[in-house]
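Colleague: Could you pick one part of this model and walk me through it closely? I'd like to know what packs on what, with the cut-offs spelled out as you go.

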Amino acid sequence: MSHKRPLSRRTFLRGTGALMALPLLERMVSTAHAAEAPLAPRRLAVFYVPNGIHMQKWLPTGTGAAWELTPTLQPLAAVKSDVLVISGLTNDAGRPDGDGHHAAGTAALLSCMKAVKTEGTDFRAGISMDQVIARHLAQQKATRFASLELGNDAGRGIGNCDSGYACPYANNISWAGPRTPMAKEVRPKAVFDRLFGGVDPGSTQAQVEKRRAYGLSIIDFVREDATALQKQLGVTDQRKLEEYFTSVRDLEKQLEVLGQQVPVCGAQVSPVDNEDPRAKTKAMMDLIVLAFQCDLTRVATFMLANARSNKVYGFLGLSGGHHAYSHHQFVPANFDALSRIDRWEVEQYAYLVRRLKESRDASGASLLDSSMVYFTSELEDGNGHIHRNLPVLIAGRCGGAVGTNRHLRATGLPIANLYISMMRAMGVPGITTFGSDGTGELPGFGG
């Protein structure tokens, strides 16, 4: 293919009323510039869960390469060699003024800056590490979207959401600045349309509605353009394109099921929120994978639920709410319920990690090898509202910057130091301090 002109990384497939992004292909990499532009750009995904973790079934006993999977971490068995477990990290900035540990902890989760306690619109936190990375990458103008903020639950936009702390603190982990939370998208179909099923600006509303009404895939509309493109591609790129089409169609089928629960425009009564978090989470994870595979963004955050969530996970055989169980009062039955929830949360994270490992970039390497997939919560223990020894997982080597298949003890060190290492791994230059207590890189992060 070296004799052919490289394909623009911003190429779209076009059809009547539809645009479709492409995955990163070999043809998009100029051989003349291969040495200057690495084939595997680094990526960050953040996976947040609320209410802390029952650490007795989470924390590995061994350190270094001698660590073993605990009952809660068992879903990571297939990707154990790709995972770094870090224990002992502290986020002092998450401690509130008085009560409000969940919202204050979530506001400081990625910023390590103390949130101003207020129920009004004068809320103030700090820029989060994911947005520092997104801002740096945006300067390169390499992707269509600087970052992607996703979640399962919208929550209230204003007012008191946790003991005098405003709702934006509880509903957002990503902050572009002290006064600017990055609102997350909680509708998978909207995310899909934004990323992959983009509407051609020249199309009419009737054309768009026709595609949706007939249940046609976006692939059906761009097939002619895709066939023409495939004739210009090598065998590897042809296979990659077909695999991509399969992934997109599978995701469309998932969203069609979820779409049955979308309220009709103009309905006078709000529909009952009966979305299954299992299906919705899976769809969101698949969207992150495809967004990375298409190089549409290199930074994504996901909130499984908002801070202080009291969601009932009936499919786990539980009748109580998550937040209520987290105030366990050392009752064994509550510990058992928390362990079930924790393990299910790790299963969702493990699904994302496995999908990234199975997906390939333009060089044929696993997407996971060039990524960091970060798992954490705003608390260690929900009963004592503890902001030390936070649960931390990082999957993926981020191009060799992360040493995996280890348990790293970092007792008493600020989590801000981890973020300095993560930002440096993502290519942000000159970062030596961060948040209110970050003093330098985390020892042992790279192995």
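Modeller: The contact brings Met129, Val132 and Ile133 of H2 up against Tyr419, Met422 and Met423 of H11, where contact is heavy atoms within 4.5 Å. The two axes come within 10 Å and cross at roughly 20 degrees; axes are lines fitted to C-alpha atoms, for helices over the stretch in contact, with angles running from 0 to 180 degrees between N-to-C directions. H2 and H11 are therefore roughly parallel to each other (under 35 degrees; over 145 is roughly antiparallel, 65 to 115 roughly perpendicular and the rest oblique). The helix and strand labels are DSSP runs, numbered from the N terminus: H or I of at least four residues for helices, E of at least two for strands.

Some ground rules before going on. This is a predicted model, so local features need pLDDT of at least 70 and side-chain atom pairs count only at pLDDT 80 or more, while totals for chains, interfaces and linings use all residues. Residues are numbered from 1 along each chain as its sequence is written, and side-chain values use heavy atoms, with hydrogens and water left out.

Back to H11, residues 415-425: 10 of its 11 residues are buried, so the helix is largely enclosed by the rest of the structure. Buried here means under 20% relative accessible area, against over 50% for exposed and partly exposed in between (1.4 Å probe, protein chains only). Among the buried ones are Ile415, Leu418, Ile420 and Ala425. The cover over them includes strands S3, S4 (83-87), S11 and S12, along with H2 (129-138). Just after H11, Gly427 takes a positive phi of about 95 degrees.

Those strands belong to an open sheet of seven, in the order S5-S10-S3-S11-S12-S4-S13 with mixed pairing; two strands pair if DSSP finds at least two bridges between them. S5 (148-151) and S13 (406-409) stand at the edges with a single partner strand each, so one side of each has no neighbour in the sheet. On average, neighbouring strands are turned by 15 degrees against each other, direction ignored.

S11 (371-377) is worth a slow look. Seven of its seven residues are buried, so S11 is largely enclosed by the rest of the structure. In a regular strand, side chains alternate between the two faces of the sheet. In S11 both faces are covered, with Ser371, Val373, Phe375 and Ser377 buried on one side and Met372, Tyr374 and Thr376 buried on the other. Along one flank, seven bridges join S11 to S3 (residues 43-49), and these two run parallel; Ala45 stands opposite Val373 there. S12 (392-395) is joined to S11 by four bridges and runs antiparallel, with Leu393 as the bridge partner of Phe375.

Further along the sheet, S4 and S13 run parallel and share four bridges, and Val85 stands opposite His407. H8 packs on the sheet too, touching S3, S5, S10 and S11, and its direction makes about 175 degrees with that of S10. H2 lies across S3, S5, S10 (299-303) and S11, running at about 155 degrees to S10.

Gly62 sits in the loop between S3 and S4, and leaving aside its neighbours within four places in sequence, Gly62 is in contact with Trp67 and His407. The C-alpha atoms of Gly62 and Arg406 are 9.0 Å apart, although 344 residues separate the two along the chain. At 15% relative accessible area, Gly62 counts as buried.

H8 (residues 277-293) has a helix partner of its own in H4 (188-195): their axes come within 10 Å and cross at roughly 15 degrees. H4 and H8 are therefore roughly parallel to each other, but H4 passes H8 in a left-handed crossing. The residues that meet include Val191, Phe192 and Leu195 in H4 and Met284 and Leu287 in H8.

Methods: Left-handed = near helix turned anticlockwise from the far one by under 90°.
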